[in-house]
Amino acid sequence: MKKTISILPGDGIGPEVMEQTIRIIKKIENKFDHYFTLNHGYIGGAAFEKYGCHFPDTTLHVCKNSDAILFGSVGGPILESHSVKWKDCEKNSILALRKNFQFSSNIRPAKVYPELQDICPLKDSVIGENGIDIVIVRELLGDIYFGEHKSYIIDNIRKAHDISEYDEKQIEIVAHQSFKLAKLRKNKVTSVDKANVLDTSKLWRTILTEISKEYPDVTLEHMLVDNCAMQFFINPSQFDVLVTANLFGDILSDAAAAIPGSLGLMPSASFNVKGFALYEPSGGSAPQIAGKNIANPIAQILSFAMLLKQSFHLIEEANSIEQAVHSTLKAGYRTQDICLNKSKAITTSEITDKILSFI
Ligand code: IPM
Ligand code: MG
């Protein structure tokens, strides 16, 4: 198969985990006889250094001319967020990219890896016999992220507001996606909202209920977001597909990272209605550990496996990567984020060597 992939490493740990993922891409090409053209683009702070903006036209062009996008991470240290390089970096880069390609739904799987049960902070009795296997479907183009943001001063008082907005069409898209996904899994959708307070959530609940009629085999449950946050830690195995709004999805997907034990293990995929997609780790640029060759590359590598499966329908190839990750973890190789005995942790490139050896 011949395909073109946009490679956008970005900032922080992005470039180093992407470099390792490219080694995996090359291995898959050779082993399965595919040809992937990798077109690199600058994004975020890295783009700002070169072009003076966070999302240059050349990068947009690279993305438009590809079959899928593999994205690293963007953003700098919180303490430097007022500098020109980092100011509004995330908004101008990843949020602009999502908006530009209309990536409306974001899929974030969270499961317990049996090999890593020792680092999962949940007790065995909470994990239960069947383990935990949740897919979060996060709406990606609405909510407080894309409503008006404003800071102002009235009567010498500093004020700010961020407006949360949804229309029914936006909600319908993720509703259908969630029910379709649940049909391939355990036929259960939990819709998470704050309908006891927010109008956007009331609309959300109404639309989810309406769309559920088209999927009689799937059970729909509604849950308030505050309760959901607690349920993640007291009874996480009740969830199959969880669908929620942009901001709740952002927060809950980080919380769900406690289930595998690290954000460094969590891949994600963002789709538009035409099926074009961007794949990225759920975690951020982690500037505090960047450049040290200690970051966990697994989230980026598994994001590539998701790309193979979802965008190119290369199931065997994707499974071979996932299996290799499991074998590596089973053999006891760990980066520092998933290693209880930090002195035994191996580096970003070393764990990739191991994964490569199992493919
Ligand atoms: C994520 C990230 C982004 C988000 C940031 C970098 C803007 O946290 O993908 O979860 O909030 O969506
Ligand atoms: Mg986030």
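This is a predicted model: local features need pLDDT of at least 70, side-chain atom pairs count only at pLDDT 80 or more; totals for chains, interfaces and linings use all residues.
A crossing of two helices is right-handed if the near helix is turned clockwise from the far one by less than a right angle.

**Entry 1: H11 and H12**

I began with helix H11, residues 315–330, and helix H12, residues 348–358. Their crossing is right-handed. I looked up the angle next: the two pack at about 120°, with their axes 8 Å apart. That angle makes H11 oblique to H12.

Which residues meet here? From H11 I noted Ala324, Val325, Ser327 and Thr328, and these meet Ile351, Lys354, Ile355 and Phe358 in H12. Sorted by class, this contact has five nonpolar residues, two polar and one charged.

**Entry 2: H1 and H12**

Then I turned to the packing of H12 against H1. The angle between these two is about 15°, and their axes lie 10 Å apart. Angles under 35 degrees count as roughly parallel, so H1 and H12 are roughly parallel to each other. H1 passes H12 in a right-handed crossing.

I listed the contact by helix. H1 brings Glu16, Val17, Gln20, Arg23, Ile24 and Lys27. H12 brings Thr348, Ser349, Thr352, Asp353, Ile355 and Leu356. How do these residues divide by class? I get four nonpolar, four polar and four charged. Ile355 is a name to keep in mind, as it is listed in the contact with H11 and in the contact with H1.

**Entry 3: H1 and H10**

My next stop was H1 (residues 14–32) with helix H10 (residues 298–310). Their axes come within 9 Å and cross at roughly 40°, which makes H1 oblique to H10. Here, too, H1 passes its partner in a right-handed crossing.

On the H1 side I found Val17, Met18, Thr21, Ile24, Ile25 and Ile28. The H10 side is made by Gln300, Ile301, Phe304 and Leu308. Eight of the contact residues are nonpolar, two are polar and none is charged. Val17 and Ile24 are listed in this contact and in the one that H1 makes with H12.

**Entry 4: the two domains**

Last, I stepped back to the domains. The domain assignment gives domain 1 as 1–107 + 263–359, and domain 2 as 121–259. Their C-alpha centres lie 24 Å apart.

How much area is buried between domain 1 and domain 2? It comes to about 1,400 Å², and carbon and sulfur atoms give 67% of it. In domain 1, the residues that lose the most area to domain 2 are Ser104, Asn106 and Ile107. Together these residues account for 34% of what the domain 1 side buries.

Key:
Residues are numbered from 1 along each chain as its sequence is written. Chains are lettered from A and ligands numbered from 1 in the order in which they are written. Side-chain values use heavy atoms; hydrogens and water are left out. Axes are lines fitted to C-alpha atoms, for helices over the stretch in contact, and angles run from 0 to 180 degrees between N-to-C directions. Helices (H or I, at least four residues) and strands (E, at least two) are DSSP runs, numbered from the N terminus. Angles under 35 degrees count as roughly parallel, over 145 as roughly antiparallel, 65 to 115 as roughly perpendicular and the rest as oblique. Contact means heavy atoms within 4.5 Å. Ala, Val, Leu, Ile, Met, Phe, Trp, Tyr, Cys and Pro count as nonpolar, Asp, Glu, Lys and Arg as charged, and the others, Gly among them, as polar. Domain bounds come from an automatic or database domain assignment. Buried area is the accessible area (1.4 Å probe) that two parts lose on being put together, summed over both.
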